[in-house]
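Please look over the sequence and the predicted model shown here before reading on. The report below is meant to be read alongside them.

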Amino acid sequence: MSAQRLQAARQKVLVVDDDHASRELLAVHLERMGFEVCTAPDGRAGLQALGESHFDLILTDYRMPAMTGLEMAACIRRSDTTTPIILITGDSYTLDPEVIARAGITRVLPKPLKINNLLNMYSLNAVHDNRQ
């Protein structure tokens, strides 16, 4: 995702996390930076949101009830092979890289999430600076 593409239109981000505080905090940070954000409390709700709208980026927690972030990503990849999916987890060092790749995860970020790591990943800082 290039900075030019991000500037061309307001990007939509889906944040999926069963922890209400983490989900809302991340959503607030992204909204302040000019992104349109939709949130979901679990993988099933995330899939439902994807059925109703297109997203430019998906951020998901790993451990959630009913459906993990890996399971949700695998479901998404059956029909969408291009949208970046970022897995956010406190278990980043214990996950099998092959399992992550099979699920279609684009990148894994450790918890606690440092918002600058996410922003730098897609050169979002430059976009944010231009919007101020």
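## Basis of the description

This is a predicted model, in which local features need pLDDT of at least 70 and side-chain atom pairs count only at pLDDT 80 or more, while totals for chains, interfaces and linings use all residues. Residues are numbered from 1 along each chain as its sequence is written, and side-chain values use heavy atoms, with hydrogens and water left out.

## Overall make-up

The protein has 7 helices and 5 strands, where helices (H or I, at least four residues) and strands (E, at least two) are DSSP runs numbered from the N terminus. Read from the N terminus, these elements follow the order α-β-α-β-α-β-α-β-α-β-α-α.

Of the 132 residues in the protein, 44% are buried; buried means under 20% relative accessible area, exposed means over 50%, and partly exposed lies in between, with a 1.4 Å probe and protein chains only. Among contacts (heavy atoms within 4.5 Å) with a separation of 6 or more, 62% are between residues 24 or more positions apart.

## The sheet

The 5 strands form an open sheet with parallel pairing, in the order S2-S1-S3-S4-S5; two strands are taken to pair if DSSP finds at least two bridges between them. Strand S2 (36-40) and strand S5 (107-110) stand at the edges with a single partner strand each, so one side of each has no neighbour in the sheet. From one strand to the next the twist averages 20°, with axes fitted as lines to C-alpha atoms (for helices over the stretch in contact) and angles running from 0 to 180 degrees between N-to-C directions.

Strand S4 (residues 85-89) is joined to S5 by 4 bridges, the two running parallel, and Leu 87 stands opposite Val 108 in S5. S3 and S4 also run parallel and are joined by 4 bridges, with Leu 59 opposite Ile 86 in S4. In S4, 5 of its 5 residues are buried, and both faces are covered, with Ile 85, Leu 87 and Thr 89 on one side and Ile 86 and Ile 88 on the other. Helix H3 (residues 43-52) lies across strand S1 (12-16), S2 and strand S3 (57-61), and runs at about 160° to S1.

## Nonpolar cores

In soluble globular proteins, nonpolar side chains tend to be buried together. A nonpolar core is here a set of buried Ala, Val, Leu, Ile, Met, Phe, Trp, Tyr and Cys residues joined through side-chain atoms within 4.5 Å. The largest such core has 19 residues, and those with the most contacts inside it are Leu 14, Ile 58, Leu 70 and Ile 105. S1, helix H4 (69-77), S4 and helix H5 (97-103) are the elements that give two or more residues to this core, and H4 gives the most, with 4 residues.

Another core, of 16 residues, lies apart from the largest one and includes Val 15, Ala 27, Ile 88 and Met 121. Returning to Ile 58, its contacts beyond neighbours within four places in sequence are Leu 14, Leu 50, Met 72, Ile 76, Thr 83, Pro 84, Ile 85 and Ile 86.

Lys 12 is placed in strand S1 and, at 19% relative accessibility, counts as buried. Lys 12 lies over the face of Phe 55, at 5.1 Å from the ring centre; a charge sits over a ring if NZ of Lys or CZ of Arg is within 6 Å of the ring centre and within 35 degrees of the ring normal. Leaving out residues up to four places away in sequence, Lys 12 touches Glu 36, Ser 53, His 54, Phe 55, Asp 56 and Leu 57.

His 29 belongs to helix H2 (residues 20-32) and counts as partly exposed, at 32% relative accessibility. Although 86 residues separate His 29 and Ile 115 in sequence, they are 8.1 Å apart in space, C-alpha to C-alpha.

## Two backbone features in loops

The peptide bond from Lys 111 to Pro 112 is cis, with omega near 0°, and Pro 112 is in the loop between S5 and helix H6 (115-121). In the loop between S3 and H4, Ala 66 has a positive phi of about 75° although it is not a glycine. Ala 66 counts as exposed, at 58% relative accessibility.
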